[in-house]
Amino acid sequence: DQVQLFICPYTKMYNLDNLSNLDKLAVEKFQEYLRIPSVHPNVNYDGCVNFLESYANELNLQFNVFRCFPEKPVVILTWPGTEPNLPSVMLNSHMDVVPVFEDKWTYGPFSAHIDENGNIYARGTQDTKCLGVQYLEAIRRLQRNKIRLRRTIHVSFVPDEEIGGLEGMKAFVQSSDFKDLNVGFALDEGVPSEKDGFFVFASEKYGWKFSIHCPGTPGHGALMLDNTAGEKVQYLLRKFYELRKESKSRIKSIFDYGNVISVNLTMIKGGVQNNVLPSELIIVFDTRIPPFINEKEWEDTITTWCKEAGEDIWIEYHLKEPSVEPTKLDESNPFWMAFKNCIEKKGKLEVKIMPGCTDARFLREVGVPSIGFSPNHSTPIRAHADDEFLNVNVFLCGIIGNDGNGTILLDTIKTNNIDA
C-alpha cells in the first residue's frame, strides 16, 4: 500500500476569512486572474497583460512584454539573482484557455466562484492559471523571508498554447529576446495527481496530422468497378483502426496515453452525388506518437499501408512535428537532481510521458532542459472539461507545502541555488 507522504495543513478549511492575510491574498489574486476571459477563439490578452504588470509592480519584479506577433504577447516577470551571469531558471505557464459551454457549468466559467467545499470553479483553474499565480506567490514568500537566489528567475506567461503554441512559445524561443534570457532550465505545466504524490514529465508525444488522398475509378453507382476510392479507404481504415484497438487495449489510465500511438479519424471528404462513384475520397487523421518511436519507422508504416491499399494514393501532411529528445533525468542534469531531492521530501514522485502537447517541447527543441510539473495533488483531472475546478486548500498547499512553512514551489524555486 502507498504510504501517505503528503499532509496538507489546510484540511477542512474553506472559509477565506479563516486564512492568513497572505494566503487570502494568494487566493484573491488567483480569482482575479481567472475572471479575465482569455478564451479561444480570438483571445484578447490585454486583460492578462494589465493584470501581470500590476502584479509585477506589487512584487517589485521586472516586467517585459515581447511580441513575435502583434496580438500575441509573451509576458516575462523577472526576479534578478545575485549572480545574474549564471544560466537562469524559467517558470512557464500559459494565459490562454480553451472554449467553454456555459450552459454545462454549475457556476459561471469565469466567475471564480468558491463553493461550500472550497472548490474554485473557472476555466483555467487547472490549465494553467493556477501555476502562474502559485509561482508568483511562492516568490512573494521568499521575498518576505528576505531570501535572495543566485540565479535569475523568469516567470513567463505565454499565449496560444491551447492552439499549438506556434505564435507563442515556438516563435519566442527562436527570438533574440529569448536568447538574452540565458535560460538554463525550465519548469512548465504538468498534470495534477489524483492521489498524494506528484507526476513529472520529461518528454511528450509528437503530433502528426495528415490527409490521405485516395483516387479511384469514377462511374455509375450501380456498377461494382475495380480500383475504387472506397475500397482503398476501407483498407486504410482497417489498418489504422487495428492499431487504434491495440493502443486502446493498453490504456488503463490517462497516463498510459503517453506510451501508445493515439489514432483518430477526424474528417472524411469526397463524393458529388449518392449514385456516382467518387474520383477521390480523402480521410484525415490526428496521430500522437510516443518519443521512443522512431519518426522514420512511423512514416514507413503509413507509406506501406498506402501502397498496399492501392495505386496513386498520396499523403498530405498538415503537421509533422519532430520527436524531441527527452530531458535527461540523471546525475548529468544538476537541475533535475536538485528538483528531485526537493520534491521527494514532499511526496512520491512518478516520471511519465506527457499524454498531450505542451510548450516544454519547444524549449527542449532548442536545448533547454525542461520538466512538466504540477504542485497540485488529490485533484480529479478537469482540464478542458465542464466545471473545471481547483480546491482552495490544494492551491495553497501547492505553494505552502506539507508543513505550512517550507513550500513545494517555494522550495523548488530555491533549487536554482546550485553550482552548475
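**Close-up 1. An aromatic cluster.** Tyr206, Trp208, Phe210, Phe240, Phe285, Trp305 and Tyr317 come together as one aromatic cluster, where rings of Phe, Tyr and Trp (its six-membered ring) pair if their centres lie within 6.5 Å, with planes under 30 degrees apart counted as stacked, over 60 as edge-to-face and the rest as tilted. The model is predicted, so local features need pLDDT of at least 70 and side-chain atom pairs count only at pLDDT 80 or more, while totals for chains, interfaces and linings use all residues. Residues are numbered from 1 along each chain as its sequence is written, and side-chain values use heavy atoms, with hydrogens and water left out.

**Close-up 2. Tyr121 and Phe389.** The structure holds 21 aromatic pairs. In one of them, the rings of Tyr121 and Phe389 have centres 5.5 Å apart and planes at 40°, so this pair is tilted. Because Tyr121 belongs to strand 5 (residues 119–121) and Phe389 to strand 17 (residues 389–391), the pair ties together parts that are 268 residues apart in sequence; helices (H or I, at least four residues) and strands (E, at least two) are DSSP runs, numbered from the N terminus. Tyr121 counts as buried at 11% relative accessibility, and Phe389 is buried too, with a relative accessible area of 15%, where buried means under 20% relative accessible area, exposed over 50% and partly exposed in between (1.4 Å probe, protein chains only).

**Close-up 3. Phe210 and Phe285.** These two residues form a tilted aromatic pair, with 6.0 Å from centre to centre and 40° between the planes. The pair links distant parts of the chain, since Phe210 is in strand 9 and Phe285 in strand 13, 75 residues apart. Phe210 is buried at 0% relative accessibility, and Phe285 is buried with a relative accessible area of 0%.

**Close-up 4. The two sides of helix 7.** Helix 7 (residues 295–309) has 15 residues, and Trp298, Ile302, Trp305, Cys306 and Ala309 are buried in this helix. Helix 7 is followed by Gly310, whose phi is positive, near 150°.

**Close-up 5. A charge over a ring.** The charged end of Lys320 sits over the ring of Tyr317, 4.3 Å from its centre, a description used if NZ of Lys or CZ of Arg is within 6 Å of the ring centre and within 35 degrees of the ring normal.

How values were computed: The expected span of a helix is 1.5 Å times one less than its number of residues.
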